[in-house]
Amino acid sequence: MTDFKQVADRLIRAIEDWPEDGVTFRDITPLLAHPEGLAATVKALVDAARALGPIDVVAGVEARGFLLAPLIAEALGTGLVPVRKAGKLPAARITEAYALEYAEAVIEIHADAVTEGARVLIVDDVLATGGTLAAAVRLFERAGAEVAGALVLIELPALGGRDALAGVPLTALLEY
């Protein structure tokens, strides 16, 4: 069996000063492009998801959460709900605005994406300041769902994002 952390540490590359000076971007594309890396990632994510108990639907946050969430949903035998940036969904929507460092953003789901009481697992690649994931939690709560947890590949603890998710079980596979 492949140790996920060893494979991830070997394959995730750090790109300094991107997208701006002083930021170290953690690029997961080499991890996902490598067959052993992808298999180890999926296994670690699915194991973490199963530890949260029954899940009715997996939600993938745009954009890199879209890469991970379908793999988890398929393994769990659930459906998939995309959490999109504003203006990308064609039917009736629920929207949620949230603050970024220098601006505001809006995410949305279809109004009929989940049923009342559905247990939702929200998936994204990185937890930084927590604004996007916290907005996704609010979206699903407003839709009448129960947020079973949030699952991320990487957490950047120095940015304090976990604090924005108080009360929501959060699992991060890696910390940088």
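User: Is Asp17 buried, partly exposed or exposed?

Analyst: Before the answer, some ground rules: this is a predicted model, in which local features need pLDDT of at least 70, side-chain atom pairs count only at pLDDT 80 or more, and totals for chains, interfaces and linings use all residues. Residues are numbered from 1 along each chain as its sequence is written, and side-chain values use heavy atoms, with hydrogens and water left out. Buried means under 20% relative accessible area, exposed means over 50%, and partly exposed is in between, with a 1.4 Å probe and protein chains only. Asp17 has 42% relative accessibility, so this residue counts as partly exposed.

User: Where does Asp17 sit, and what is phi there?

Analyst: Asp17 belongs to the loop between E1 and E2. Helices (H or I, at least four residues) and strands (E, at least two) are DSSP runs, numbered from the N terminus. Phi of Asp17 is near 60 degrees, a positive value in a residue other than glycine.

User: Which residues are joined by cis peptide bonds?

Analyst: Trp18 and Pro19 are joined by one, with omega about 10 degrees. Pro19 is also in the loop between E1 and E2. Another cis peptide bond links Glu62 to Ala63, with omega about 5 degrees. Ala63 is placed in the loop between strand E3 (57-61) and helix H4 (65-76).

User: Which residues form the negative surface patch?

Analyst: First, how a patch is built: its residues have over 30% relative accessible area and no salt bridge, with like charges joined within 9 Å and nonpolar side chains (Val, Leu, Ile, Met, Phe, Trp, Tyr) within 5 Å. Areas come from the Shrake-Rupley method with a 1.4 Å probe, and for residues only the protein chains shown count as cover. Lys and Arg count as positive and Asp and Glu as negative, while His and the chain ends are not counted. Each charge is placed at NZ of Lys, CZ of Arg, CG of Asp or CD of Glu. Here, Glu16, Asp17, Glu20, Asp21 and Glu101 make up the negative patch. Glu20 lies in the loop between strand E1 (13-16) and strand E2 (24-27), and its relative accessible area of 42% makes Glu20 partly exposed.

User: How many salt bridges are there?

Analyst: The general idea is that side chains of opposite charge can pair when their charged atoms come close. The rule used here asks for a side-chain nitrogen of Lys or Arg within 4 Å of a carboxyl oxygen of Asp or Glu. By this rule there are 11 salt bridges.

User: How should I read the one between Lys5 and Asp9?

Analyst: Their closest N and O atoms are 2.8 Å apart. Both residues lie in helix H1 (residues 4-11), four residues apart, about one turn of the helix. Lys5 is partly exposed, with a relative accessible area of 43%, and Asp9 is partly exposed at 36%.

User: Which parts of the chain does the salt bridge between Glu96 and Arg138 link?

Analyst: In this pair the closest N and O atoms are 2.7 Å apart. The bridge links distant parts of the chain, Glu96 in strand E5 (residues 93-99) and Arg138 in helix H5, 42 residues apart. Glu96 is buried, with a relative accessible area of 12%, whereas Arg138 is partly exposed at 32%.

User: What does the salt bridge between Glu146 and Arg119 tie together?

Analyst: Here the closest N and O atoms are 2.8 Å apart. Glu146 is in strand E8 (residues 146-155) and Arg119 in strand E7 (residues 119-127), so the pair ties together parts that are 27 residues apart in sequence. Glu146 counts as partly exposed at 38% relative accessibility, while Arg119 is buried, with a relative accessible area of 18%. Elsewhere, salt bridges that share partners join Glu96, Arg138 and Arg142 into one network.

User: How many helices and strands does the chain have?

Analyst: The chain has five helices and nine strands. From the N terminus on, their order is α-β-β-α-α-β-α-β-β-β-β-α-β-β. The radius of gyration, taken over C-alpha atoms, is compared with the globule rule, 2.2 Å times the number of residues to the power 0.38. For this chain the radius of gyration is 16 Å, close to the 16 Å that the rule gives for 176 residues, so the chain is as compact as a globular protein of that length. Buried residues make up 44% of the 176 residues.
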